[in-house]
Amino acid sequence: MPEAASVSAARALIGDSEFDRDTAVVRREPGVYDIDLSAGWTIISAVNGGYLLAVLGRALADALPHPDPFTISAHYLTASRPGPAVVRTQTVRAGRTLSTGQASLFQYDDEGNEVERIRVLASYGDLAALPDDVRTTATPPRMPPLEQCFGPEDGPAPMEGSSAITDRLMLKLDPATLGWALGAPSGKGEMRAWFGLADGRDADPLSLLLAVDALPPTAFEIGLKGWVPTVELTVHVRHRPAPGPLRVSITTRNLAGGFLEEDAEVWDSQDRLVAQSRQLARARLG
């Protein structure tokens with residue numbers, strides 16, 4: 001794989017990083033968890049969908065008898081905002097190798113009414129117990145070394161307003177997918193980047209749920225502007241990632257009727273495909 005530069009001199013540890021603190025849930029009673037959604041993971045004023053998925057994923061990891069998300073599908077019902085939230089989980093089935101559960105995140109609107117923000121259905125297992133046999137035709141994305149790629153600090157923000165999440169990520173975009181930032185989008189619907197957390201914390205299965213939804217949307221490289229809200233997102237976690245920065249590749253092949261799909265692959269430092277996802281998102285046309 002291409003040589004990756006060191007991303008942080010003082011690395012945070014899994015379990016003791018900003019990501020862990022901001023996704024931590026407090027069990028109020030069996031199946032019910034409280035959390036204060038951090039403003040640090042917002043794009044404009046909306047909370048990032050990958051961060052929300054990690055919050056729900058952490059609650060399910062506590063509620064279910066297996067530790068790791070294998071597949072998790074989320075429907076984003078209303079936009080979440082920073083502040084108090086409640087996660088309610090339910091065990092659907094607990095088997096020997098897989099357990100399945102569902103979870104919803106709720107907040108209160110300005111009138112004090114409870115509003116469901118996101119609902120997920122997930123199957124959990126133990127990644128460490130999986131066999132080592134791999135038969136695949138998938139290949140890692142071809143990307144320049146990390147030091148030859150560009151981050152948010154190297155150019156103007158892609159959208160007006162504050163995107164606090166960029167301060168918490170190590171994100172270095174492949175120059176071949178940066179035409180949109182120069183006013184010349186390629187039209188190919190591709191986005192590739194080196195990815196990590198800004199404090200140097202290594203990736204784990206929960207942070208993979210963030211990684212698939214943390215890059216600028218492929219709609220930018222198609223030539224569209226503005227927020228691209230997620231309607232549905234399904235993530236498959238295939239392996240516990242090795243230490244080091246990840247490579248994320250996202251593609252869109254079909255924009256129709258104001259909606260587009262984004263297919264993501266996440267590769268670790270040992271050239272293993274550790275996560276895949278597909279999401280349906282709404283695009284602003286015109």
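Ala, Val, Leu, Ile, Met, Phe, Trp, Tyr, Cys and Pro count here as nonpolar, Asp, Glu, Lys and Arg as charged, and the others, Gly among them, as polar. The structure is a predicted model, in which local features need pLDDT of at least 70 and side-chain atom pairs count only at pLDDT 80 or more, while totals for chains, interfaces and linings use all residues. Residues are numbered from 1 along each chain as its sequence is written, and side-chain values use heavy atoms, with hydrogens and water left out.

**View 1. Lining of the second largest pocket.** The second largest pocket has a volume of about 560 Å³. Of its 22 lining residues, D133, V134, R238, H239 and L273 are the closest to its centre. By class, the lining comprises ten nonpolar, five polar and seven charged residues. At least two lining residues come from each of β5 (68-76), β11 (230-237) and β15 (273-282). A pocket is an open set of points on a 1 Å grid over the protein atoms alone, where a 1.4 Å probe fits, with protein on both sides within 12 Å along at least five of seven lines; lining residues have an atom within 4 Å of a point. The volume is the space filled by probe spheres set on the points, which are joined across faces, edges and corners. Strands are DSSP runs (E, at least two residues), numbered from the N terminus.

**View 2. Strand β12 and its partners.** Five of the six residues of β12 (residues 246-251) are buried, that is, under 20% relative accessible area with a 1.4 Å probe and protein chains only. β12 runs antiparallel to β10 (residues 190-197), joined by six bridges, and F195 stands opposite L246. Five bridges also join β12 to the antiparallel strand β14 (residues 259-267), where E265 is the bridge partner of S249. Strands pair if DSSP finds at least two bridges between them.

**View 3. Surroundings of R192.** R192 lies in strand β10 and counts as buried because its relative accessibility is 15%. Its side chain makes a polar contact of 3.1 Å with that of E190 (N or O atoms within 3.5 Å, one able to donate a hydrogen and the other to accept it; residues adjacent in sequence count only if both atoms are side-chain atoms). Beyond neighbours within four places in sequence, R192 is in contact (heavy atoms within 4.5 Å) with residues including P141, D174, L215, V248 and S249.

View 4. H236 is found in strand β11. At 36% relative accessibility, H236 counts as partly exposed, the class between buried and exposed (over 50%). Leaving aside neighbours within four places in sequence, H236 contacts F70, T71, V274, A275 and Q276.

Terms used:
Helices (H or I, at least four residues) and strands (E, at least two) are DSSP runs, numbered from the N terminus.
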